[in-house]
Amino acid sequence: MTSAILSAINTLTKPLGESSVHDVQSSHQLALSAALQANRAALLEQLQSEASFEEVRRLREEVKATADWFSGSTEDVTWSFVQECLLLLLTLARHLTVELELFKQTPAPSVAKQRTPEMAPPLPPDVLSVTQQKMLETALQFVVSLGLCPYLAPGVGVPLGRRSAFGAMVENLVCGGVAPAAGRRLLTTTNVLLKLAELSSLATIVFTRHLGDVMAALCQLGYQPHKTERSSTEEEKVSHLDMNFHKLSAEERQTCREALKSLLGKVYQPIVIKELLILQGGPKQSGAVRSSSGSSSKAALGLAPAWLRRLCGQLLSERLIQPNGVQSVVRAILGGGTGDESDWKKCDGVARLLMTCPQQSASADSYYREVCPQILDLLHFKDKLTAQQFQRVATRAVISMVQEKPSFARQYLLPPLLAPLHCCTTASNEDHSQGVVEEWELTRCMEDVYKIWVVGNSPSASLFKALEQVLPVIFTLFCFTKQNVSHLRAPCQETLLWYLSHSETSAAMSALRQLSGLQGQKNEVAADFHFTPGSDGGARLCSRESCSDEDEALYEKVSGEQWRLECLMQLLAELKDSDLPGDFFLDLLKELTSWAASEDEEKEDERELNMSTMTLLEVEQRLTSRAARQGQRLALLQVLAATVESLHHTVLLRKSTQVVDFMVSLLQRACVGLDQATGPCLENPVESQTLSMGMGLVATLLSGPQLTAEDYTSMSRLLAPLEILSQMHSEVVIQELASNLRAVIATHGAYRPEDLAAAAAAAAQTSGNAAFRKKMQPDAKVSQTRSSRPDNNPPQIRHPTSSGGSGAGLGSKAGGRTSAIKDPRPSTKSFSDCLLEACDPEVPTRAVALRILTQMVQNRNPEAVRAQEKVLMLFLENLEHEDSFIYLSAIQGLAALADSYPERILERLLKDFQHGPSLPTSNKEHSLETRLKVGEVLMRASRAMGELTPHLGRPLVGVFLQGTRDPDQSVRASSLSNLGELCQRLDYALGPLAQELSSCLTALIKTEREAEVRRAAVHVITLLLRGLSDRATQVLSDVLLDLYRALKWVVRSDPDDVAVLHAQLALEELSDVMKRFVFPEQKLEKKIVVLP
């Protein structure tokens, strides 16, 4: 029966044959009209003549009898055709309804008995095949095109002419005739389509293609006003429509409204919203714009009537504020985006739409109260593409609302967003259900904060204020995640860095002081609560167990504060491109200077204070305040020490202005206490040395070749402290240097003493020597020396100041100024003086003399060349010195001698490395240490040989191989280390020694007991393969397999993990060599040969 009804529908909607088309020699409209009439006649004849359609004819007659809208006497061909389609569709719906009820009430018993678990359930009778669905879709398309769309008012729905060329022809066909009952026809067609939609199988087909048309018809039938203000032309076009709409009763209009409401509630909301947006029409355009747009204007939406725009706006507002309404709006507008630029614009548009309160809303307060929680829910989707789009919309909506509607944002948006973090500060032991914050809450909160503040990246005062209130909690959570493996570490760190880098400097400084413990604690995690690890890698807030042991509680508190300080320094280290770390450091120095100045005043007040006249309460308060100040000072010193230890100077002092601020703080601190009888040099040598180095830094800045007026203006703050130092400091060198620096700054470089930087370095060296020797020159002698020296010349310093570096000097000449680079050591220093100072008992003096001698050797000084034996003996003697500053300088000098005179010096060094020091004054008890130092010299000499390594390295290889059999493990390890450095530079000269080297290394790897020696042996192989690279297969062809087996033995059998790691590295080197050997790199190149 279903097939028969659909066959009848197919007969009614099938296209005419070619013969019939050729018979109509007229326009397309007449051809279509003739085809509709012919198909209708063919259907009626088929129903009357064929017996297979008897049941269809009976059902059709029953439906026709109940259809009061059917008119058989109409002369309108299209409406007659539509009536037949409607009758057949209702016939199909009635038949499927009856069959479906019978199917539900009486299941077939025979089928039920024969069913097995593998069998599929029987299909209900309303399931249509693909072919049948296509027939039904064709009929519905005719019904909508001929019986619904032509009777819609202008601007209601999408016109047929804008859908296709066939739609334009149909539109002209129907609108060209007279429609005396347009309203009734539209109501009839709409009711029939709604009747069909009562069956789920037919509703899917109807609403998939024609939901917008049905909604447009219901809107017009239920809400179009009787009297509208239109232009004369529009009244002429729709006068016949308005007349017929007047015939609709109020009951019919109310029924259409209820049907529209029911339809909007049943259908998937994003589709409903999309259709409502289409019905609302496009924006108003001027005539000039419409005419200039050309053909593209046809694709744009037409202008909907005012009543329809208001209705669609009201319906959209209702969809928006209902549960999940925001999500539906976003899905409707964005659809399946691809993440391109257009999607970004759509997201911004949706965000602006959500942020704007509609006119149909009862109040702005109620609207934002409903919408704000839904906006936050957009941040919590798991699907990757959906989450990305929803996050964009939510982020932009939150930021726009915070900026434009701050009062509503503070009321409905930010509090629920940051609620878990606020709970961490207000938790109490009285009610654990309110105090404890679960892991999922903290995780969701931190992810939302990261998305809005960091990813959104739109700084505003409201966002800063809201984040500032929970910043201590986020920092505490960050410190906790640094102790564990947690996925919350990254969002916490990025949020903190965003706040510190984007907020104003004053706010960021205040936050840093609070996080470091220098400022009063506010909005911290509740005292009796702490973070604990969560089950999913997050964190949760739990009650802290009380600690009965006071010492343990104090230790936990102190260690916790230290850990927070370390985490804060790690955050500051990440701000490499920001001036905030330097500003914070300078602020700490200024506070330290102010406390140093107030300390003397406090001591004076203590002396004048009469404790006998004070009550016990006053004494207690005074002692308590003193203890608090001392604690604050200790905290400041702790933060300052951590800052200096953890942050590199390039992070702390990025700009010259920061360097000047640092120097201002340093000089001001040096000026404190200069009026005391004891000078700072005797009282605190470290302060005196620091002052000298700081003044040298100022001199270096002034020696720069390009100093602007702004630089001198920033340095003008140094004038006052420099004047105090030039008048009151106890050291004459510092006084004169301060006076010269002040003159250069005050004159903006017009006055430049010679060798200013060298004098500053000399002052630092003089201050250092005075601190080590604990003595100073008499005042009278100093005054005499100062008065006998010209004012524009720096003081002459006896001791050299640098370890071979060069400083910038300033010179002045008539007619202009020039800058030159000068050697800071005195050019008049003789070779004999250097030899004498190399024996000086003072460590700094001796070390500097040794480095100057090293430079003389490197520069081939004639006196050093003639006395190379004396220099060698001097270096060997200082090699045995216990101070690292001395013997490292001696090692550097011996390496320079070996590089300049390799044959003779290397022979002596090899002898001392084999048998120990040969000097008469050598200490035999420290022979081992001296041999290791000589080994360091030989290693440096091996590195410096370069291309002469095959010529000069053969004796060294023999000595090092012999050293691998030394009784002491340190010598064996040193010999192997030097052997590796040497062998990787021998290249093809290593061929004759390959067998001996391989035997030695293999034996050590398998028989040596000391792990340190085995590590060194394996490392030799690594260096060997790394140095030879692709040449290893040629040089080590006979022993490569033995070395490979030795390395594999280490990986499998050696108990030392470090040796195994070295072996794995060596195997990787060998693997790379063999891969390049077996699979050489293919070079795609062309060779052009010029024939003779």
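**Close-up 1. Lining of the second largest pocket.** By class, 14 nonpolar, 12 polar and seven charged residues make up the lining of the second largest pocket. Here Ala, Val, Leu, Ile, Met, Phe, Trp, Tyr, Cys and Pro count as nonpolar, Asp, Glu, Lys and Arg as charged, and the others, Gly among them, as polar. The model is predicted: local features need pLDDT of at least 70, side-chain atom pairs count only at pLDDT 80 or more, and totals for chains, interfaces and linings use all residues. Residues are numbered from 1 along each chain as its sequence is written, and side-chain values use heavy atoms, with hydrogens and water left out.

The second largest pocket holds about 1300 Å³ of space. Its lining counts 33 residues, and those closest to the centre are Arg-544, Glu-556, Lys-557, Gly-560 and Arg-564. A pocket is an open set of points on a 1 Å grid over the protein atoms alone, with protein on both sides within 12 Å along at least five of seven lines; lining residues have an atom within 4 Å of a point.

**Close-up 2. Elements around the second largest pocket.** Helix α27 (550–574) gives the largest share of this lining, nine residues. At least two residues each come from α24 (461–482), α26 (505–515), β1 (529–533), α27 and α29 (616–646). Helices (H or I, at least four residues) and strands (E, at least two) are DSSP runs, numbered from the N terminus.

**Close-up 3. The largest cavity.** The whole structure has four cavities of 30 Å³ or more. A cavity is a set of grid points where a 1.4 Å probe fits but cannot get out. The largest has a volume of about 60 Å³. Residues lining the largest cavity include Glu-468, Tyr-499 and Gln-514. Helix α26 gives the most to this lining, five residues. The lining has six nonpolar, two polar and one charged residues.

**Close-up 4. Gly-517 in its loop.** Gly-517 is found in the loop between α26 and β1. With a relative accessible area of 39%, Gly-517 is partly exposed; buried means under 20%, exposed over 50%, partly exposed in between (1.4 Å probe, protein chains only). The C-alpha atoms of Gly-517 and Ala-635 are separated by 7.3 Å. Along the chain, these two residues are 118 residues apart.

**Close-up 5. Phe-1077 in helix α52.** Phe-1077 is found in helix α52 (residues 1057–1078). Phe-1077 counts as exposed because its relative accessibility is 53%.

Methods:
Grid points are joined across faces, edges and corners, and a volume is the space filled by probe spheres set on the points.
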